[in-house]
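Hello,

I am passing a structure over to you, and I hope you enjoy looking through it. Please have it open while you read the notes below.

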Amino acid sequence: MTEAVDFAAVLVNADDRAAWRVCGELARAARCPVAVVTTFLARDRRYRNRAFKAGVAAYVCRPCTTGRLRALLARLSSGETGIELTDGAAYSS
């Protein structure tokens, strides 16, 4: 017998290009919000736009402090989407 597990959120570590496809697949399949955590940050916002087009609820750039992750989970649990947390992150391209 298989047990079902309900998650409050799924955090995807997307530090390579293949992970972006996984983000979209998870966002379509998950019954909970999906957040992408990445080092990809561009001034033209192409990575952020890609994440939201894929259906993720949040786009988070490192550094991922405990406070930032707590705030993210609180916002996700309230039903908020379109969350962008990029303060203090360095542009990667």
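**What I found**

The chain has an accessible surface of about 5800 Å², and 52% of that belongs to carbon and sulfur atoms (areas come from the Shrake-Rupley method with a 1.4 Å probe, and for residues only the protein chains shown count as cover). Before going further, please note that this is a predicted model, in which local features need pLDDT of at least 70, side-chain atom pairs count only at pLDDT 80 or more, and totals for chains, interfaces and linings use all residues. Residues are numbered from 1 along each chain as its sequence is written, and side-chain values use heavy atoms, with hydrogens and water left out.

**The chain as a whole**

Three helices and four strands make up the secondary structure, and along the sequence they follow the pattern β-α-β-α-β-α-β. Helices (H or I, at least four residues) and strands (E, at least two) are DSSP runs, numbered from the N terminus. Along the principal axes, the C-alpha atoms fill a box of roughly 45 × 30 × 20 Å.

Of the 93 residues, 35% count as buried (under 20% relative accessible area; exposed is over 50%, and partly exposed lies in between, with a 1.4 Å probe and protein chains only). Taking contacts (heavy atoms within 4.5 Å) between residues at least 6 apart in sequence, 56% join residues at least 24 apart.

As for charge, there are 14 positive and 9 negative side chains, and the centres of the two sets lie 6 Å apart. Lys and Arg count as positive and Asp and Glu as negative, while His and the chain ends are not counted; each charge is placed at NZ of Lys, CZ of Arg, CG of Asp or CD of Glu.

**Two buried strand residues**

Thr38 belongs to strand S2 (residues 34-38) and counts as buried because its relative accessibility is 0%. Its side chain reaches the backbone oxygen of Ala14 at 2.6 Å. That is a polar contact, meaning a pair of N or O atoms within 3.5 Å; within protein, one must be able to donate a hydrogen and the other to accept it, and residues adjacent in sequence count only if both atoms are side-chain atoms. Leaving aside residues up to four places away in sequence, Thr38 touches several others, including Trp20, Tyr59 and Arg62.

Ile83, in strand S4 (residues 83-85), is likewise buried, with a relative accessible area of 0%. With the residues up to four places away in sequence not counted, Ile83 touches Phe52, Ala57, Ala58, Tyr59, Leu72, Arg75 and Leu76.

**Backbone points to look at**

Most residues other than glycine have a negative phi, and most peptide bonds are trans. Against that background, Arg45 has a positive phi of about 65° although it is not a glycine. Arg45 sits in the loop between S2 and helix H2 (46-53) and counts as partly exposed at 39% relative accessibility. The peptide bond from Arg62 to Pro63 is cis, with omega near 20°, and Pro63 lies in the loop between strand S3 (58-61) and helix H3 (66-77).

Best wishes
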